[in-house]
Amino acid sequence: MEVVVDLLNILHMQPSGVSVALGLLFLALLYWYSIYPFSVLARCGIKHPKTVPFFGNLFLFRQGFFHPLSDLIKTYGRVCGYYLGRRAVVVVADPDILRQVMVREFSSFPNRGTIRFASKPMSDCLLMLRNEQWKRVRSILTPSFSAAKMKEMVPLIQAATTALIDNLDVHAESGEAFDIHRCFGCFTMDVIGSVAFATQVDSQNNPDDPFVRHAQMFFSFSFFRPIMMFFIAFPHIVAPLAGLIPNKRRSQMNNFFINSIQRIIRQREEQPPEQRRRDFLQLMLDARGSKEYDPLEHFDTVSPEQQSVSSPENSLHARDLPTRRPSKKLMTEDEIVGQAFVFLLAGYETSSNTLGFTCYLLALHPECQRQVQEEVDDFFRRHESPDYTNVQELKYLDMVVCEALRLYPPAFRNFIGDPCWLPSLRPGALARAREIHP
(Lines give C-alpha, C1' and ligand atoms only; values in the text may rest on other atoms or scores of the structure.)
Protein backbone atom coordinates (compact mmCIF):
# COMPACT_ATOMS: atom_id res chain seq x y z
CA MET A 1 0.00 0.00 0.00
CA GLU A 2 2.85 2.36 0.83
CA VAL A 3 4.30 1.68 -2.63
CA VAL A 4 1.03 2.73 -4.28
CA VAL A 5 0.88 5.95 -2.22
CA ASP A 6 4.50 6.71 -3.09
CA LEU A 7 3.74 6.14 -6.76
CA LEU A 8 0.75 8.49 -6.58
CA ASN A 9 2.89 11.11 -4.94
CA ILE A 10 5.42 10.73 -7.71
CA LEU A 11 2.70 11.26 -10.30
CA HIS A 12 1.34 14.17 -8.23
CA MET A 13 -2.10 12.52 -8.16
CA GLN A 14 -4.43 11.80 -5.32
CA PRO A 15 -6.37 8.48 -5.04
CA SER A 16 -9.59 10.33 -5.86
CA GLY A 17 -8.01 11.65 -9.03
CA VAL A 18 -7.11 8.12 -10.12
CA SER A 19 -10.70 7.02 -9.59
CA VAL A 20 -11.93 9.86 -11.76
CA ALA A 21 -9.37 9.03 -14.43
CA LEU A 22 -10.31 5.35 -14.40
CA GLY A 23 -13.99 6.25 -14.53
CA LEU A 24 -13.45 8.50 -17.51
CA LEU A 25 -11.38 5.81 -19.22
CA PHE A 26 -14.15 3.27 -18.60
CA LEU A 27 -16.80 5.61 -20.02
CA ALA A 28 -14.65 6.32 -23.07
CA LEU A 29 -14.15 2.59 -23.71
CA LEU A 30 -17.85 1.92 -23.17
CA TYR A 31 -18.77 4.63 -25.67
CA TRP A 32 -16.25 3.27 -28.17
CA TYR A 33 -17.72 -0.22 -27.69
CA SER A 34 -21.23 1.15 -28.23
CA ILE A 35 -20.47 2.71 -31.63
CA TYR A 36 -17.49 0.97 -33.21
CA PRO A 37 -19.53 -1.66 -35.22
CA PHE A 38 -21.52 1.12 -36.89
CA SER A 39 -18.87 1.99 -39.46
CA VAL A 40 -19.13 -1.22 -41.52
CA LEU A 41 -21.82 -0.01 -43.91
CA ALA A 42 -20.25 3.40 -44.39
CA ARG A 43 -16.93 1.79 -45.34
CA CYS A 44 -18.77 -0.22 -48.00
CA GLY A 45 -20.50 2.88 -49.33
CA ILE A 46 -23.92 1.76 -48.10
CA LYS A 47 -26.34 4.44 -46.93
CA HIS A 48 -28.18 3.84 -43.66
CA PRO A 49 -30.17 5.77 -41.03
CA LYS A 50 -28.52 7.32 -38.01
CA THR A 51 -27.73 4.78 -35.30
CA VAL A 52 -28.27 4.69 -31.55
CA PRO A 53 -25.31 3.54 -29.42
CA PHE A 54 -25.48 -0.19 -28.52
CA PHE A 55 -28.76 -0.79 -30.39
CA GLY A 56 -28.14 0.55 -33.90
CA ASN A 57 -31.48 0.96 -35.69
CA LEU A 58 -33.35 -1.65 -33.64
CA PHE A 59 -35.97 0.83 -32.44
CA LEU A 60 -37.13 1.45 -36.01
CA PHE A 61 -38.74 -1.98 -35.94
CA ARG A 62 -40.95 -1.74 -32.85
CA GLN A 63 -44.05 -2.30 -34.99
CA GLY A 64 -42.53 -4.83 -37.40
CA PHE A 65 -40.22 -4.81 -40.42
CA PHE A 66 -42.41 -4.33 -43.50
CA HIS A 67 -43.12 -0.58 -43.42
CA PRO A 68 -39.72 0.46 -41.98
CA LEU A 69 -37.91 -1.49 -44.70
CA SER A 70 -40.13 0.03 -47.39
CA ASP A 71 -39.32 3.49 -46.03
CA LEU A 72 -35.59 2.70 -45.97
CA ILE A 73 -35.65 1.68 -49.64
CA LYS A 74 -37.58 4.81 -50.62
CA THR A 75 -35.19 7.05 -48.66
CA TYR A 76 -31.79 5.47 -49.29
CA GLY A 77 -32.23 3.48 -52.50
CA ARG A 78 -32.45 -0.13 -53.61
CA VAL A 79 -29.16 -0.96 -51.90
CA CYS A 80 -29.12 0.38 -48.37
CA GLY A 81 -28.62 -0.92 -44.88
CA TYR A 82 -29.38 -0.77 -41.19
CA TYR A 83 -28.00 -2.13 -37.94
CA LEU A 84 -30.03 -4.75 -36.09
CA GLY A 85 -28.39 -4.26 -32.74
CA ARG A 86 -24.66 -4.49 -33.47
CA ARG A 87 -25.13 -6.52 -36.65
CA ALA A 88 -24.90 -4.76 -40.00
CA VAL A 89 -27.68 -5.76 -42.41
CA VAL A 90 -27.63 -4.90 -46.12
CA VAL A 91 -31.02 -4.44 -47.80
CA VAL A 92 -30.93 -5.41 -51.49
CA ALA A 93 -34.03 -4.57 -53.53
CA ASP A 94 -32.33 -4.31 -56.92
CA PRO A 95 -33.34 -7.18 -59.27
CA ASP A 96 -29.90 -7.44 -60.90
CA ILE A 97 -28.08 -7.80 -57.60
CA LEU A 98 -30.72 -10.18 -56.26
CA ARG A 99 -30.28 -12.37 -59.34
CA GLN A 100 -26.54 -12.29 -58.85
CA VAL A 101 -26.79 -13.27 -55.17
CA MET A 102 -29.64 -15.79 -55.37
CA VAL A 103 -28.77 -17.48 -58.69
CA ARG A 104 -25.41 -16.78 -60.29
CA GLU A 105 -23.39 -16.81 -57.08
CA PHE A 106 -25.68 -18.98 -54.99
CA SER A 107 -22.77 -21.18 -53.93
CA SER A 108 -21.16 -18.15 -52.23
CA PHE A 109 -24.24 -17.59 -50.05
CA PRO A 110 -25.26 -21.03 -48.80
CA ASN A 111 -26.41 -20.02 -45.33
CA ARG A 112 -29.09 -17.86 -43.77
CA GLY A 113 -28.32 -15.31 -41.09
CA THR A 114 -27.43 -16.84 -37.74
CA ILE A 115 -29.39 -16.48 -34.52
CA ARG A 116 -26.99 -16.50 -31.60
CA PHE A 117 -29.34 -17.71 -28.91
CA ALA A 118 -31.32 -20.39 -30.75
CA SER A 119 -31.84 -23.60 -28.78
CA LYS A 120 -33.24 -27.04 -29.58
CA PRO A 121 -35.49 -27.86 -31.37
CA MET A 122 -35.24 -24.58 -33.30
CA SER A 123 -31.47 -24.91 -33.77
CA ASP A 124 -31.97 -28.23 -35.62
CA CYS A 125 -34.56 -27.00 -38.11
CA LEU A 126 -33.70 -26.54 -41.77
CA LEU A 127 -33.81 -22.75 -41.45
CA MET A 128 -30.92 -22.82 -38.96
CA LEU A 129 -28.72 -25.58 -40.36
CA ARG A 130 -25.57 -24.58 -42.23
CA ASN A 131 -23.26 -25.90 -44.94
CA GLU A 132 -22.99 -29.69 -45.23
CA GLN A 133 -25.53 -30.41 -42.49
CA TRP A 134 -28.15 -28.32 -44.33
CA LYS A 135 -27.26 -30.06 -47.60
CA ARG A 136 -27.62 -33.53 -46.08
CA VAL A 137 -30.95 -32.86 -44.33
CA ARG A 138 -32.40 -31.00 -47.32
CA SER A 139 -31.47 -33.83 -49.68
CA ILE A 140 -33.18 -36.37 -47.42
CA LEU A 141 -36.33 -34.28 -47.02
CA THR A 142 -36.83 -33.28 -50.66
CA PRO A 143 -38.38 -36.62 -51.80
CA SER A 144 -40.93 -36.30 -48.97
CA PHE A 145 -42.59 -33.39 -50.79
CA SER A 146 -43.50 -35.17 -53.99
CA ALA A 147 -47.07 -34.80 -55.23
CA ALA A 148 -47.90 -38.42 -54.42
CA LYS A 149 -46.80 -38.06 -50.80
CA MET A 150 -48.52 -34.71 -50.37
CA LYS A 151 -51.78 -36.34 -51.46
CA GLU A 152 -51.54 -38.71 -48.50
CA MET A 153 -51.98 -35.79 -46.09
CA VAL A 154 -55.08 -34.31 -47.73
CA PRO A 155 -57.49 -36.19 -45.39
CA LEU A 156 -55.77 -34.64 -42.38
CA ILE A 157 -56.20 -31.14 -43.82
CA GLN A 158 -59.84 -31.85 -44.77
CA ALA A 159 -60.62 -32.83 -41.17
CA ALA A 160 -59.40 -29.44 -39.92
CA THR A 161 -61.25 -27.71 -42.77
CA THR A 162 -64.52 -29.37 -41.77
CA ALA A 163 -64.11 -28.05 -38.22
CA LEU A 164 -63.40 -24.55 -39.59
CA ILE A 165 -66.54 -24.57 -41.76
CA ASP A 166 -68.68 -25.76 -38.83
CA ASN A 167 -67.40 -22.89 -36.67
CA LEU A 168 -67.92 -20.33 -39.43
CA ASP A 169 -71.50 -21.59 -39.85
CA VAL A 170 -72.13 -20.94 -36.14
CA HIS A 171 -70.80 -17.38 -36.46
CA ALA A 172 -72.83 -16.77 -39.63
CA GLU A 173 -76.07 -17.94 -37.99
CA SER A 174 -75.47 -15.70 -34.97
CA GLY A 175 -75.34 -12.61 -37.21
CA GLU A 176 -72.73 -11.01 -34.92
CA ALA A 177 -69.31 -9.70 -35.84
CA PHE A 178 -66.35 -11.96 -35.09
CA ASP A 179 -62.58 -12.09 -35.63
CA ILE A 180 -62.08 -14.27 -38.70
CA HIS A 181 -58.29 -13.99 -38.41
CA ARG A 182 -58.50 -15.81 -35.09
CA CYS A 183 -60.55 -18.56 -36.75
CA PHE A 184 -57.90 -18.96 -39.44
CA GLY A 185 -55.17 -19.00 -36.79
CA CYS A 186 -56.91 -21.88 -35.00
CA PHE A 187 -57.44 -23.69 -38.30
CA THR A 188 -53.76 -23.36 -39.21
CA MET A 189 -52.75 -24.55 -35.76
CA ASP A 190 -54.97 -27.62 -36.15
CA VAL A 191 -53.43 -28.45 -39.54
CA ILE A 192 -49.85 -28.06 -38.28
CA GLY A 193 -50.54 -30.09 -35.16
CA SER A 194 -52.08 -32.89 -37.22
CA VAL A 195 -49.69 -32.91 -40.18
CA ALA A 196 -46.35 -32.09 -38.56
CA PHE A 197 -46.72 -33.18 -34.94
CA ALA A 198 -49.11 -36.12 -35.39
CA THR A 199 -51.31 -34.58 -32.70
CA GLN A 200 -55.05 -34.20 -32.97
CA VAL A 201 -55.56 -30.58 -31.90
CA ASP A 202 -58.93 -28.85 -31.74
CA SER A 203 -57.80 -25.32 -31.01
CA GLN A 204 -60.97 -23.97 -32.61
CA ASN A 205 -63.06 -25.40 -29.79
CA ASN A 206 -60.38 -25.89 -27.13
CA PRO A 207 -58.02 -22.88 -27.04
CA ASP A 208 -56.50 -24.18 -23.79
CA ASP A 209 -55.12 -27.32 -25.45
CA PRO A 210 -51.49 -27.89 -24.24
CA PHE A 211 -50.21 -27.88 -27.83
CA VAL A 212 -51.84 -24.50 -28.50
CA ARG A 213 -50.64 -23.03 -25.23
CA HIS A 214 -47.01 -24.03 -25.80
CA ALA A 215 -47.05 -22.93 -29.45
CA GLN A 216 -48.30 -19.50 -28.45
CA MET A 217 -45.32 -19.17 -26.09
CA PHE A 218 -43.05 -19.11 -29.10
CA PHE A 219 -45.02 -16.44 -30.98
CA SER A 220 -45.18 -14.17 -27.93
CA PHE A 221 -41.42 -13.57 -28.23
CA SER A 222 -40.29 -9.93 -28.40
CA PHE A 223 -36.92 -8.26 -28.98
CA PHE A 224 -37.91 -5.43 -26.69
CA ARG A 225 -37.91 -7.26 -23.37
CA PRO A 226 -35.20 -5.98 -20.98
CA ILE A 227 -33.20 -9.21 -21.00
CA MET A 228 -33.20 -9.34 -24.82
CA MET A 229 -32.11 -5.70 -25.02
CA PHE A 230 -29.16 -6.57 -22.79
CA PHE A 231 -28.30 -9.55 -25.02
CA ILE A 232 -28.40 -7.34 -28.12
CA ALA A 233 -26.25 -4.62 -26.55
CA PHE A 234 -23.57 -7.02 -25.25
CA PRO A 235 -23.76 -10.14 -27.48
CA HIS A 236 -20.11 -11.19 -27.15
CA ILE A 237 -20.29 -10.99 -23.38
CA VAL A 238 -23.67 -12.67 -22.97
CA ALA A 239 -23.41 -15.34 -25.70
CA PRO A 240 -21.12 -17.68 -23.69
CA LEU A 241 -23.45 -17.32 -20.69
CA ALA A 242 -26.75 -17.70 -22.58
CA GLY A 243 -26.90 -21.45 -22.04
CA LEU A 244 -26.24 -21.04 -18.33
CA ILE A 245 -28.96 -18.47 -17.70
CA PRO A 246 -32.16 -20.30 -16.66
CA ASN A 247 -35.17 -19.66 -18.88
CA LYS A 248 -38.12 -21.58 -17.50
CA ARG A 249 -40.51 -20.44 -20.23
CA ARG A 250 -38.19 -21.48 -23.07
CA SER A 251 -37.29 -24.79 -21.43
CA GLN A 252 -40.95 -25.64 -20.84
CA MET A 253 -41.83 -24.92 -24.46
CA ASN A 254 -38.86 -26.79 -25.95
CA ASN A 255 -39.28 -29.83 -23.71
CA PHE A 256 -42.97 -30.09 -24.57
CA PHE A 257 -42.37 -30.32 -28.32
CA ILE A 258 -39.27 -32.53 -28.02
CA ASN A 259 -40.98 -34.99 -25.66
CA SER A 260 -44.15 -35.04 -27.79
CA ILE A 261 -42.28 -35.95 -30.97
CA GLN A 262 -40.07 -38.49 -29.25
CA ARG A 263 -43.09 -40.20 -27.71
CA ILE A 264 -44.84 -40.43 -31.09
CA ILE A 265 -41.69 -41.78 -32.75
CA ARG A 266 -41.56 -44.58 -30.17
CA GLN A 267 -45.22 -45.37 -30.83
CA ARG A 268 -44.67 -45.47 -34.61
CA GLU A 269 -41.72 -47.83 -34.23
CA GLU A 270 -43.94 -50.26 -32.32
CA GLN A 271 -46.78 -50.15 -34.89
CA PRO A 272 -46.96 -52.27 -38.06
CA PRO A 273 -46.27 -50.15 -41.19
CA GLU A 274 -49.86 -50.41 -42.45
CA GLN A 275 -51.23 -48.92 -39.20
CA ARG A 276 -48.95 -45.87 -39.15
CA ARG A 277 -50.61 -42.51 -39.67
CA ARG A 278 -49.65 -40.89 -42.98
CA ASP A 279 -48.44 -37.45 -41.91
CA PHE A 280 -45.30 -35.39 -42.36
CA LEU A 281 -43.67 -36.96 -39.32
CA GLN A 282 -44.13 -40.41 -40.81
CA LEU A 283 -42.76 -39.20 -44.17
CA MET A 284 -39.64 -38.01 -42.35
CA LEU A 285 -39.32 -41.34 -40.55
CA ASP A 286 -39.69 -43.11 -43.89
CA ALA A 287 -37.09 -40.81 -45.46
CA ARG A 288 -34.73 -41.47 -42.56
CA GLY A 289 -34.68 -45.13 -43.51
CA SER A 290 -34.57 -44.57 -47.27
CA LYS A 291 -31.47 -45.46 -49.26
CA GLU A 292 -32.00 -42.71 -51.80
CA TYR A 293 -31.90 -38.95 -51.65
CA ASP A 294 -31.71 -35.93 -53.95
CA PRO A 295 -28.26 -34.37 -54.33
CA LEU A 296 -27.87 -30.62 -53.83
CA GLU A 297 -27.22 -30.14 -57.54
CA HIS A 298 -30.87 -31.05 -58.20
CA PHE A 299 -32.22 -28.19 -56.06
CA ASP A 300 -33.76 -25.21 -57.83
CA THR A 301 -30.70 -22.96 -57.78
CA VAL A 302 -30.97 -22.20 -61.51
CA SER A 303 -33.87 -22.32 -63.91
CA PRO A 304 -34.12 -24.77 -66.82
CA GLU A 305 -33.71 -21.83 -69.24
CA GLN A 306 -30.42 -20.87 -67.60
CA GLN A 307 -29.25 -24.47 -67.72
CA SER A 308 -30.01 -24.63 -71.45
CA VAL A 309 -27.75 -21.65 -72.22
CA SER A 310 -24.95 -22.61 -69.85
CA SER A 311 -21.38 -22.93 -70.99
CA PRO A 312 -19.92 -26.18 -72.40
CA GLU A 313 -17.98 -26.66 -69.19
CA ASN A 314 -21.16 -26.44 -67.14
CA SER A 315 -22.95 -28.79 -69.53
CA LEU A 316 -20.16 -31.32 -69.17
CA HIS A 317 -20.34 -30.98 -65.41
CA ALA A 318 -24.11 -31.47 -65.47
CA ARG A 319 -23.72 -34.76 -67.39
CA ASP A 320 -21.37 -35.99 -64.72
CA LEU A 321 -23.81 -35.32 -61.86
CA PRO A 322 -25.24 -38.44 -60.23
CA THR A 323 -28.97 -38.86 -60.48
CA ARG A 324 -29.26 -40.87 -57.28
CA ARG A 325 -26.73 -42.12 -54.84
CA PRO A 326 -26.87 -43.86 -51.46
CA SER A 327 -27.21 -41.64 -48.43
CA LYS A 328 -24.08 -41.57 -46.33
CA LYS A 329 -25.69 -40.36 -43.13
CA LEU A 330 -29.32 -40.45 -42.03
CA MET A 331 -31.29 -37.86 -40.10
CA THR A 332 -30.92 -37.86 -36.34
CA GLU A 333 -33.91 -37.79 -34.02
CA ASP A 334 -33.07 -34.20 -33.04
CA GLU A 335 -33.16 -33.20 -36.70
CA ILE A 336 -36.57 -34.84 -37.17
CA VAL A 337 -37.91 -32.87 -34.21
CA GLY A 338 -36.38 -29.72 -35.69
CA GLN A 339 -38.08 -30.19 -39.07
CA ALA A 340 -41.45 -30.72 -37.39
CA PHE A 341 -40.84 -27.50 -35.47
CA VAL A 342 -40.11 -25.57 -38.68
CA PHE A 343 -43.67 -26.30 -39.80
CA LEU A 344 -44.87 -24.37 -36.77
CA LEU A 345 -42.25 -21.66 -37.23
CA ALA A 346 -42.81 -21.10 -40.96
CA GLY A 347 -46.41 -22.20 -41.48
CA TYR A 348 -48.55 -20.80 -38.68
CA GLU A 349 -48.67 -17.02 -39.06
CA THR A 350 -47.84 -17.04 -42.78
CA SER A 351 -50.88 -19.19 -43.64
CA SER A 352 -53.34 -17.58 -41.22
CA ASN A 353 -52.33 -14.06 -42.30
CA THR A 354 -52.71 -14.97 -45.99
CA LEU A 355 -56.21 -16.35 -45.41
CA GLY A 356 -57.16 -13.32 -43.32
CA PHE A 357 -55.94 -10.76 -45.86
CA THR A 358 -57.58 -12.67 -48.71
CA CYS A 359 -60.95 -12.42 -46.97
CA TYR A 360 -60.31 -8.76 -46.19
CA LEU A 361 -59.62 -7.96 -49.86
CA LEU A 362 -62.68 -9.93 -51.01
CA ALA A 363 -64.81 -7.93 -48.59
CA LEU A 364 -63.44 -4.70 -50.11
CA HIS A 365 -64.11 -5.92 -53.67
CA PRO A 366 -67.56 -7.58 -53.78
CA GLU A 367 -67.38 -8.05 -57.57
CA CYS A 368 -64.31 -10.27 -57.11
CA GLN A 369 -66.04 -12.05 -54.26
CA ARG A 370 -68.99 -12.90 -56.52
CA GLN A 371 -66.66 -14.26 -59.20
CA VAL A 372 -64.87 -16.45 -56.64
CA GLN A 373 -68.23 -17.68 -55.36
CA GLU A 374 -69.37 -18.56 -58.89
CA GLU A 375 -66.16 -20.46 -59.58
CA VAL A 376 -66.44 -22.41 -56.33
CA ASP A 377 -70.13 -23.23 -56.94
CA ASP A 378 -69.29 -24.48 -60.42
CA PHE A 379 -66.43 -26.54 -58.96
CA PHE A 380 -68.74 -28.35 -56.52
CA ARG A 381 -71.20 -29.12 -59.28
CA ARG A 382 -68.42 -31.12 -60.94
CA HIS A 383 -66.64 -32.54 -57.87
CA GLU A 384 -67.93 -33.98 -54.64
CA SER A 385 -65.01 -32.61 -52.60
CA PRO A 386 -61.67 -30.87 -53.26
CA ASP A 387 -58.46 -32.87 -53.32
CA TYR A 388 -54.79 -32.26 -54.14
CA THR A 389 -55.41 -32.51 -57.91
CA ASN A 390 -58.80 -31.01 -58.68
CA VAL A 391 -58.32 -27.93 -56.47
CA GLN A 392 -55.90 -26.68 -59.12
CA GLU A 393 -58.91 -26.05 -61.37
CA LEU A 394 -59.79 -23.01 -59.23
CA LYS A 395 -57.79 -20.61 -61.39
CA TYR A 396 -59.49 -17.38 -60.36
CA LEU A 397 -59.25 -18.24 -56.65
CA ASP A 398 -55.55 -18.89 -57.16
CA MET A 399 -55.16 -15.43 -58.72
CA VAL A 400 -57.00 -13.84 -55.79
CA VAL A 401 -54.70 -15.51 -53.26
CA CYS A 402 -51.63 -14.52 -55.30
CA GLU A 403 -52.80 -10.90 -55.35
CA ALA A 404 -53.30 -10.99 -51.57
CA LEU A 405 -49.75 -12.31 -51.22
CA ARG A 406 -48.47 -9.52 -53.45
CA LEU A 407 -50.20 -6.80 -51.45
CA TYR A 408 -49.60 -8.31 -47.99
CA PRO A 409 -46.62 -10.68 -48.24
CA PRO A 410 -46.16 -12.71 -45.03
CA ALA A 411 -42.51 -13.39 -45.88
CA PHE A 412 -41.22 -10.24 -47.57
CA ARG A 413 -37.48 -10.67 -47.02
CA ASN A 414 -34.86 -13.38 -47.17
CA PHE A 415 -32.17 -13.02 -44.50
CA ILE A 416 -28.94 -14.63 -45.72
CA GLY A 417 -25.24 -14.54 -45.02
CA ASP A 418 -23.18 -11.81 -43.40
CA PRO A 419 -22.30 -8.30 -44.58
CA CYS A 420 -18.74 -9.33 -45.44
CA TRP A 421 -19.98 -10.57 -48.86
CA LEU A 422 -20.90 -7.11 -50.12
CA PRO A 423 -17.48 -6.09 -51.55
CA SER A 424 -17.48 -9.28 -53.66
CA LEU A 425 -20.44 -8.04 -55.73
CA ARG A 426 -19.66 -6.61 -59.14
CA PRO A 427 -19.13 -2.83 -58.83
CA GLY A 428 -21.27 -2.26 -61.92
CA ALA A 429 -24.38 -3.67 -60.23
CA LEU A 430 -23.95 -1.38 -57.24
CA ALA A 431 -23.32 1.57 -59.53
CA ARG A 432 -26.54 0.92 -61.47
CA ALA A 433 -28.52 0.72 -58.25
CA ARG A 434 -27.11 4.06 -57.10
CA GLU A 435 -27.86 5.65 -60.46
CA ILE A 436 -31.51 4.67 -60.11
CA HIS A 437 -31.73 5.86 -56.49
CA PRO A 438 -28.86 8.31 -55.86
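A crossing of two helices is called left-handed if the near helix is turned anticlockwise from the far one by less than a right angle. Keep that in mind as you walk through this model, which is predicted.

**First stop: H18 and H19**

Select residues 366-382, which form helix H18, together with residues 395-407, which form helix H19, and you will see two helices that pack at an angle of about 140°, with their axes 8 Å apart. That angle makes H18 oblique to H19, and the crossing of H18 and H19 is left-handed. To see where the helices touch, show the side chains of Cys368, Gln371, Val372 and Glu375 in H18, which meet Lys395, Tyr396, Leu397 and Val400 in H19. Sorted by class, the contact of H18 with H19 has 5 nonpolar, 1 polar and 2 charged residues.

**Second stop: H17 and H18**

On the H17 side, select Leu362, Ala363 and Leu364, which meet Pro366, Cys368, Gln369 and Val372 in H18. This contact of H17 with H18 has 6 nonpolar, 1 polar and no charged residues.

In soluble globular proteins, nonpolar side chains tend to be buried together. Here the largest nonpolar core has 52 residues, and you can find your way into it by selecting Phe197, Phe257, Leu281, Met284 and Leu344, the residues with the most contacts inside it. Now centre the view on Leu281, which touches, leaving aside residues up to four places away in sequence, Val195, Ala196, Ala198, Ile261, Ile264, Ile265 and Ile336. Apart from this core lies another, of 12 residues, among them Phe38, Val79, Phe109 and Ile416.

**Last stop: two residues with positive phi**

Select Ala198 again, this time for its backbone: Ala198 has a positive phi of about 50° although it is not a glycine. Ala198 is found in the loop between H9 and H10, and at 17% relative accessibility it counts as buried, the cut-off being under 20%. Finish at Asn131, which is found in helix H6 and has a positive phi of about 55°, although it is not a glycine either. Is Asn131 buried, exposed or partly exposed? With a relative accessible area of 44%, Asn131 is partly exposed.

Definitions and conventions
Residues numbered from 1 in each chain as written. Predicted model: local features only at pLDDT ≥ 70, side-chain atom pairs only at ≥ 80, totals over all residues. Heavy atoms only, no water. Axes fitted to C-alpha atoms, helices over the stretch in contact; angles between N-to-C directions. Helix = DSSP H or I, 4+ residues; strand = E, 2+ residues; numbered from the N terminus. Parallel < 35°, antiparallel > 145°, perpendicular 65-115°, else oblique. Contact = heavy atoms within 4.5 Å. Nonpolar A, V, L, I, M, F, W, Y, C, P; charged D, E, K, R; others polar. Core = buried A, V, L, I, M, F, W, Y, C linked by side-chain atoms within 4.5 Å. Buried < 20%, exposed > 50% of the residue type's maximum accessible area, 1.4 Å probe, protein only.
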